[in-house]
Amino acid sequence: MLRDSWTGADAYDRYMGRWSRVMADEFLAWLDVPPGRDWADVGCGTGALTGRILGRGSPKTVRAFDRSPQYVAAAREGVPDPRVHFVAADATALPQPDAVVHVVVSGLMLNFAADPERVVWEMRRVVTPEGTVAVYVWDYAEGMEFIRMFWDAAVTVDPSAAERDEGVRFPLCRPEPLGRLFEEIGLRRVDVRPLEIPTRFLNFDDYWEPFEGGQGPAPGYVVSLDEDTRAKLRATLASRLPCDVDGTLPLVARAWGVRGTH
């Protein structure tokens with residue numbers, strides 16, 4: 001089984017956190033939860049979604065969980081708000097009683113769980129009757145352009161990279177499997193929809209350098225390469241990525257959001 005590194009909070013933030021925050025806004029606008037609710041954020045990472053819940057959701061409280069103590073420490077430092085309680089905990093065994101939050105969410109994490117069904121069961125367990133369970137994951141197969149183009153280039157340079165491709169590894173990240181999972185867990189009024197944001201990079205270095213941080217599947221693959229293969233991959237990407245006249249790289253990132261009611 002491939003194992004991804006999730007220990008370097010700063011490197012992750014440069015790679016994905018900046019886009020995670022923008023996507024979190026799209027996700028929360030779609031949920032449109034009234035203020036004053038109790039929330040849980042499962043797989044909170046460095047706090048991208050948690051911070052946006054505080055800013056846009058006007059919650060009463062937020063319980064935020066992640067299995068990485070390093071990410072929890074970074075989130076606690078980056079989101080210093082008395083309404084939030086950060087805990088290092090596995091998403092398949094949340095340290096919470098039944099039916100204690102009105103809204104339980106998870107951003108960009110479910111596909112990395114070894115047992116996503118158990119994660120959604122736990123989310124359903126801790127939410128109140130008529131409460132909302134909602135998740136969003138990147139559309140690795142098509143719509144997450146900066147990762148999709150990375151793997152297409154990687155397989156051209158190194159065919160063995162195909163087994164690491166998130167579009168192949170994570171078939172859950174499509175609307176039909178996500179909707180089916182929520183329905184099978186017993187959630188009602190299940191709704192799945194695409195969420196899109198622009199991901200415009202300042203230049204090629206702004207795009208490439210976060211891949212050298214080692215956090216997540218694609219960066220983990222980059223740091224595993226020998227110098228020659230890494231240089232070939234870099235050159236292949238530089239020749240393929242779209243570039244505007246000002247040198248910026250105009251890309252789009254799509255996620256799939258799914259929500260249901262207990």
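Q: In β7, what is the bridge partner of I197?
A: The bridge partner of I197 in β7 is A253.

Q: What should I know about the model and the numbering?
A: The model is predicted: local features need pLDDT of at least 70, side-chain atom pairs count only at pLDDT 80 or more, and totals for chains, interfaces and linings use all residues. Residues are numbered from 1 along each chain as its sequence is written, and side-chain values use heavy atoms, with hydrogens and water left out.

Q: How many bridges join β6 to β7?
A: 12 bridges join strand β6 (residues 188–201) to β7, and they run antiparallel. Strands are DSSP runs of E with at least two residues, helices are runs of H or I with at least four, and both are numbered from the N terminus. Two strands pair if DSSP finds at least two bridges between them.

Q: Which way do β5 and β7 pair, parallel or antiparallel?
A: They pair in the antiparallel sense, over seven bridges. V135 stands opposite V258 in β7.

Q: How many residues of β7 are buried?
A: In strand β7 (residues 249–261), 10 of the 13 residues are buried. Buried means under 20% relative accessible area, exposed means over 50%, and partly exposed is in between (1.4 Å probe, protein chains only).

Q: What about β1?
A: Strand β1 (residues 38–42) has five of its five residues buried. D38, A40 and V42 point one way, while W39 and D41 point the other way.

Q: Which sense does β1 pair with β2 in, parallel or antiparallel?
A: β1 and strand β2 (residues 61–66) pair in the parallel sense over five bridges. V42 stands opposite F65 in β2.

Q: New topic. Where is S58 found?
A: S58 is in the loop between α2 (48–57) and β2. S58 has a positive phi of about 45°, although it is not a glycine.

Q: Is S58 buried, partly exposed or exposed?
A: S58 counts as partly exposed because its relative accessibility is 37%.

Q: And α2, which residues are buried there?
A: A48, L49, T50, I53, L54 and G57 are buried in α2.

Q: Where is E183 found?
A: E183 is in helix α7 (residues 175–185). E183 counts as exposed because its relative accessibility is 52%.
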